[in-house]
Amino acid sequence: MKITALRVVMLRVQQDVGSIEPAWEQGAAMRFSRGGGSVLEIETDQGFTGLGPAVKGRVLEAVEPILVGADPRDVEALFERMRFAMRNQGGMAGVDIALWDLRAKIEGVPLHRLCGAHRDRVPAYASMIRLGAPDERAELAASLQQRGFGAIKLRLHAASMREDLAIVDAVRTRVGASMTILCDANQAQSQGDWQPGVRWDYARALETAKELEQRGVAWLEEPLPRYAYAELRRLRDAVAIPIAGGENLRLQEYGPMLALAPYDIVQPDAMVVDGLTGLRRAFALARQHGARIAPHHGGRGIGTIAHLHACAAAPDVPYVEVLHDPPIGDFAHGFAPFVGAPTLDGSGNLVLPTGPGLGIELDPSFRDRTT
Ligand SMILES: [Mg+2]
């Protein structure tokens with residue numbers, strides 16, 4: 001079996017849903033639509049087609065000579081060759097995901113089965129996008145709880161700690177003790193020192209962690225800058241609440257980071273660690289270092305579906321993260337172009353597709369031009 005071609009397929013926008021301001025990027029507008037964007041297809045000489053998140057033209061140019069003519073089942077060897085060709089610059093995650101989709105399709109099994117599945121659904125947590133006001137967030141949390149969600153992640157991006165805690169308290173009062181609350185300060189967005197919005201120092205991180213600990217919050221995510229490993233370790237040692245992070249780290253950064261143990265829980269993202277191969281390697285590294293794993297969301301469409309498969313096959317992963325801040329930021333908008341996309345059951349679990357590979361097909365009505 002040989003790969004014959006790679007192509008990026010542009011998707012038609014069937015509905016413009018609107019924009020919301022993400023808490024982690026003050027002033028920015030995150031656009032939601034049903035359709036739009038693009039996907040990657042990898043063709044073979046035996047009728048199988050792999051589907052993955054789109055990649056940029058420079059990535060296609062770099063990996064085409066490696067992939068065309070190669071056997072798509074050699075995913076892990078191709079991963080190494082592609083990473084070398086890309087000089088570790090990233091951006092190839094979509095190709096690796098499409099190769100895993102292909103490999104599972106060729107074997108005729110759902111991807112999570114190929115990866116050693118142990119469950120057919122994974123508890124999802126609703127990851128907020130907006131900062132919001134206490135009453136409004138509490139209202140939304142209650143409606144998510146009604147829908148079955150057992151966990152919600154709030155953003156801590158207010159000017160003061162008092163305002164951040166007011167949101168947590170309003171939500172807790174409204175949903176009671178049975179819903180898990182997670183908090184994300186998004187302080188590691190920048191590779192350097194500056195990022196938009198409020199910036200925490202060690203004192204604010206420590207004080208907030210202690211307050212959240214008393215409120216039974218299940219983890220505090222990214223309380224300090226991306227590479228502040230020594231301070232993160234100090235914080236970890238000073239509080240009992242688990243400290244989480246790592247969504248922005250490349251695969252080659254995972255080993256050095258884990259050796260310094262800045263986090264109780266690490267959160268690799270397939271789109272950042274060059275695909276599902278990288279994600280599975282990050283999981284393995286975390287286990288070697290005794291860190292817990294709760295992966296990041298993988299984007300909004302195919303990336304999240306790929307994460308769902310990886311989570312289903314990892315018994316030590318408690319949740320799959322879905323960016324879900326309805327009505328505009330509803331995760332289902334990102335799944336709209338795909339037939340067979342995962343849906344929620346009544347208990348807040350995302351149910352795995354049962355077809356071969358990722359278990360989804362591109363709805364032909366979304367297919368626009370090909371590049
Ligand atoms: Mg985060």
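The axes are lines fitted to C-alpha atoms, for helices over the stretch in contact, with angles running from 0 to 180 degrees between N-to-C directions.

The structure is a predicted model, in which local features need pLDDT of at least 70 and side-chain atom pairs count only at pLDDT 80 or more, while totals for chains, interfaces and linings use all residues. Residues are numbered from 1 along each chain as its sequence is written.

**Overall fold**

The chain contains twelve helices and 18 strands, where helices (H or I, at least four residues) and strands (E, at least two) are DSSP runs numbered from the N terminus. Its radius of gyration is 20 Å, close to the 21 Å that the globule rule gives for 371 residues, so the chain is as compact as a globular protein of that length. The radius is taken over C-alpha atoms, and the rule is 2.2 Å times the number of residues to the power 0.38. Along the principal axes, the C-alpha atoms fill a box of roughly 60 × 40 × 40 Å.

**Helix packing**

Two packed helices are described by the angle between their axes and the distance between the axes.

| Helix pair | Angle | Axis distance |
|---|---|---|
| α2 (residues 75-85) and α3 (residues 93-107) | about 165 degrees | 10 Å |
| α9 (residues 251-260) and α10 (residues 276-288) | roughly 5 degrees | within 10 Å |

Helices α2 and α3 are therefore roughly antiparallel to each other. In their contact (C-beta atoms, placed from the backbone, within 7 Å), Val75, Leu78, Phe79 and Met82 of α2 meet Val95, Asp96, Leu99, Trp100 and Arg103 of α3.

The angle given for the second pair makes α9 roughly parallel to α10. This contact is made by Leu251, Tyr254, Gly255 and Leu258 of α9 with Gly278, Arg281, Ala282, Leu285 and Ala286 of α10.

**Aspartate 274**

Aspartate 274 lies in the loop between β11 (265-266) and α10. It counts as buried because it has 28 C-beta neighbours inside 10 Å; the cut-offs are 20 or more other C-beta atoms within 10 Å for buried, 12 or fewer for exposed, and in between for partly exposed. Not counting residues up to four places away in sequence, aspartate 274 touches Arg83, Gly90, Met92, Ala93, Asp96 and Leu251. The C-alpha atoms of aspartate 274 and isoleucine 42 are separated by 17 Å, the two residues being 232 apart along the chain.

Notes:
Angles under 35 degrees count as roughly parallel, over 145 as roughly antiparallel, 65 to 115 as roughly perpendicular and the rest as oblique. Two residues are in contact if their C-beta atoms, placed from the backbone, lie within 7 Å.
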